[in-house]
Amino acid sequence: MVGTGPDTAPATALLVIVDATVHTARTAHALDCRTVFVQRPGAPVHELVDDSSGYYSVDFTRDALFTGFVEAVLRPLAPTAVISLSDEGARPAALANAVLGTAGPPAEVIERLAAGTPDKPAHGATDRWAYTFSEAGQHRWVALMDADAPPRPTERIVPEEALSTDEYASVMAGLNRFLDSAGLRNGPARIRLRGRNGEVRVLGGAPTVGTDEQSEFIRRLTGFDLTRAALAGAAGRADDRLTGRAHPRKEATR
């Protein structure tokens, strides 16, 4: 394990981010809080940190090693929360929060969300991603995107526009049941849906925002910044402007 601690200047929150991308790091720097980045050995450093950041390199996929790191390094820092917006970092972040007693989705919630690895769609079936954001157990469906194709500028991703009224109500009810059953109360989720013969089934998901390209595409077309909302919520900086009802941007409908 190698690393440097954060600047010790006073701040109201210290956010530990596991497996951050450059986009995630830049979004975090725009918040009024200090940041500590925990990356795999060999991950880039200079693209992530700023003057108020800490950085540590540790193999967070090894539970015993990472638990020792959390106790020895993170606990003395007294972080507000540990968060990851990547599929690989979600479980280690949950482990760190469990050790530290900080807020975040527990490991069992992540396991219930995963619900197994989906097989390939059968003939005539299509898979799509539903992107949601939850606050105190209230779930908002932000976007709907193709699961196996890159974002397209002409894609209609606001769920109320992409689906009929009946389809939207049915799928939203299924998403609510799934998220409630998994126990996710706060933060983002990306959930895989499979449609066939007019029926839509929830396959599983993760408490993440998807790729940088996907989250930025959603921000531009709906005005809802999933990355910023997730980080701000973890740092205690919830902002109604970030988590209001998703809506199509004017430039998306030209």
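**Figure 1. Asn97 in helix α3 of the predicted model.** Asn97 lies in helix α3, which spans residues 87-100, in a structure that is a predicted model. With a relative accessibility of 3%, Asn97 counts as buried, because the cut-off for that class is under 20%. The side chain of Asn97 comes to 2.7 Å from the backbone oxygen of Val82. Leaving aside residues up to four places away in sequence, Asn97 touches Val82 along with Ala81, Thr102, Ala103 and Gly104.

**Figure 2. Packing of helices α2 and α3.** Two packed helices are described by the angle between their axes and the distance between the axes. Helix α2, made up of residues 63-77, packs against α3 at an angle of about 50 degrees, and the two axes are 10 Å apart. This angle makes α2 oblique to α3, and the crossing of the two helices is right-handed. On the α2 side, the residues that meet α3 are Asp63, Phe66, Thr67, Val70, Glu71, Leu74 and Arg75, while α3 contributes Arg91, Pro92, Leu95, Ala96, Val99 and Leu100. By class, eight residues of this contact are nonpolar, one is polar and four are charged. As a guide to reading the spacing of such residues, an α-helix has 3.6 residues a turn, so residues three or four places apart point the same way.

**Figure 3. Tyr56 in strand β4.** Tyr56 belongs to strand β4, which covers residues 53-57. The relative accessible area of Tyr56 is 10%, and this residue is therefore buried, the cut-off being under 20%. Tyr56 and Val73 are 17 residues apart along the chain, and their C-alpha atoms are separated by 9.2 Å.

**Figure 4. Helix α8 and the residues at its two ends.** Within helix α8, which runs over residues 226-234, the buried residues are Leu226, Thr227, Ala229, Ala230, Leu231 and Ala232. At the start of α8, Asp225 places a side-chain oxygen within 3.3 Å of the backbone nitrogen of Thr227, and Thr227 is itself one of the buried residues of the helix. Just after α8, Gly236 adopts a positive phi of about 75 degrees.

**Figure 5. The protein chain as a whole, for orientation among the close-up views.** The secondary structure of the protein chain consists of nine helices and nine strands. Of the 254 residues in the protein chain, 47% are buried. Among contacts in the protein chain with a separation of 6 or more, 58% are between residues 24 or more positions apart.

Key
Residues numbered from 1 in each chain as written. Predicted model: local features only at pLDDT ≥ 70, side-chain atom pairs only at ≥ 80, totals over all residues. Heavy atoms only, no water. Helix = DSSP H or I, 4+ residues; strand = E, 2+ residues; numbered from the N terminus. Buried < 20%, exposed > 50% of the residue type's maximum accessible area, 1.4 Å probe, protein only. Polar contact = N/O pair within 3.5 Å; in protein donor to acceptor, adjacent residues only side chain to side chain. Contact = heavy atoms within 4.5 Å. Axes fitted to C-alpha atoms, helices over the stretch in contact; angles between N-to-C directions. Parallel < 35°, antiparallel > 145°, perpendicular 65-115°, else oblique. Left-handed = near helix turned anticlockwise from the far one by under 90°. Nonpolar A, V, L, I, M, F, W, Y, C, P; charged D, E, K, R; others polar.
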